[in-house]
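This briefing covers the fold, the packing and a few local features of one protein chain. Please look over the sequence and the model before reading on.

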Amino acid sequence: VSPGETKGCSLPCNYATPVETLQTDLVQVALKTNLGVVFFTASLPLYRLFVPDGLLDKDQYHKIWRTIETEQCADITDLAIDDINKIRLKLEANKIFFVASRSVSDEDFLYMTAKTIDGSLFLIELGFQGNTCKLCTKTEAPQLVPLLAQSIQLILS
């Protein structure tokens with residue numbers, strides 16, 4: 001890369017710490033070049049760590065939902081998309097998988113699942129009203145729910 005020039009690339013990601021111990025979306029990066037080693041931090045949204053086998057069927061979803069006691073909720077505001085089908089497709093394109101949907105009064109709900117590379121599973125209920133969304137999640141890794149909410153906000157912004 002010449003000075004002032006930019007290039008895109010993909011690098012394999014190797015993680016030494018379980019995803020469930022993450023507390024921020026910042027990761028430490030070391031880049032070795034012929035000029036030496038450069039250290040910096042970069043943003044790595046949680047959804048980038050989701051795997052393609054995170055889909056559950058309705059029965060599995062209900063069974064697991066009943067076994068996890070704690071439910072955490074967060075509000076996601078200023079959605080750029082207000083079409084529920086487009087929202088679903090955008091989430092699925094980022095490995096947040098559709099399980100079911102329903103409408104109650106003027107609110108639409110999507111039930112979805114996601115799983116990280118180390119197996120942390122998220123059961124997700126998204127309630128949409130206008131351009132706001134209420135996220136309710138059950139997981140064995142509750143410390144990751146703020147990062148999940150941040151990821152959904154990024155995807156739908």
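The protein has an accessible surface of about 9900 Å², and 51% of this belongs to carbon and sulfur atoms; accessible areas come from the Shrake-Rupley method with a 1.4 Å probe, and for residues only the protein chains shown count as cover. This is a predicted model, in which local features need pLDDT of at least 70 and side-chain atom pairs count only at pLDDT 80 or more, while totals for chains, interfaces and linings use all residues. Residues are numbered from 1 along each chain as its sequence is written, and side-chain values use heavy atoms, with hydrogens and water left out.

**Overall layout**

- The protein holds 3 helices and 7 strands; helices (H or I, at least four residues) and strands (E, at least two) are DSSP runs, numbered from the N terminus.
- Read from the N terminus, the order of elements is β-β-α-β-α-β-β-β-β-α.
- The C-alpha trace spans about 60 × 30 × 25 Å along its principal axes.
- Of the 157 residues, 35% count as buried; buried means under 20% relative accessible area, exposed over 50%, and partly exposed in between (1.4 Å probe, protein chains only).
- Among contacts (heavy atoms within 4.5 Å) between residues at least 6 apart in sequence, 56% join residues at least 24 apart.

**Nonpolar cores**

- A nonpolar core is a set of buried Ala, Val, Leu, Ile, Met, Phe, Trp, Tyr and Cys residues joined through side-chain atoms within 4.5 Å.
- In soluble globular proteins, nonpolar side chains tend to be buried together.
- The largest nonpolar core has 28 residues, and L91, I96, I124, L126, I152 and L156 have the most contacts inside it.
- At least two residues of this core come from each of α2 (84–92), β5 (107–115), β6 (121–129), β7 (132–139) and α3 (145–156).
- Helix α3 supplies the largest share of this core, 6 residues.
- Another core, of 8 residues, lies apart from it and includes W65, V99, A100 and Y111.
- Leaving aside residues up to four places away in sequence, I124 touches Y61, I96, L110, Y111, M112, T113, A114, L135, C136 and L148.

**Helix α3**

- The buried residues in α3 are V145, L147, L148, A149, S151, I152, I155 and L156.
- These buried residues pack against β3 (72–76), α2, β6 and β7.
- At 1.5 Å a residue, the 12 residues of α3 should span 16 Å, and this agrees with its end C-alpha atoms, which are 16 Å apart; the expected span is 1.5 Å times one less than the number of residues in the helix.

**Aromatic rings and charges over them**

- Rings of Phe, Tyr and Trp (its six-membered ring) pair if their centres lie within 6.5 Å; planes under 30 degrees apart count as stacked, over 60 as edge-to-face and the rest as tilted.
- The count by this rule is 4 aromatic pairs.
- The pair of F50 and F122 is tilted, because the ring centres are 6.1 Å apart and the planes are at 55°.
- F50 lies in the loop between β2 (36–43) and α1 (58–67) while F122 lies in strand β6, so the pair ties together parts that are 72 residues apart in sequence.
- F50 is buried at a relative accessible area of 2%, and F122 is buried at 0%.
- Y61 and W65 form a stacked pair, with 5.7 Å centre to centre and 15° between the planes.
- Y61 and W65 are 4 residues apart in helix α1, so about one helical turn separates them; both are buried.
- Y61, W65, F109 and Y111 are linked into a cluster by ring pairs.
- A charge sits over a ring if NZ of Lys or CZ of Arg is within 6 Å of the ring centre and within 35 degrees of the ring normal.
- R88 lies over the face of F98, 3.6 Å from the ring centre.
- The charged end of R102 sits over the ring of F109, at 4.6 Å from its centre.

**Residues with positive phi**

- Most residues other than glycine have a negative phi.
- D78, not a glycine, has a positive phi of about 55°; D78 is found in the loop between β3 and α2 and is exposed, with a relative accessible area of 57%.
- S105, also not a glycine, has a positive phi of about 55°; S105 is found in the loop between β4 (97–104) and β5 and is exposed at 76% relative accessible area.
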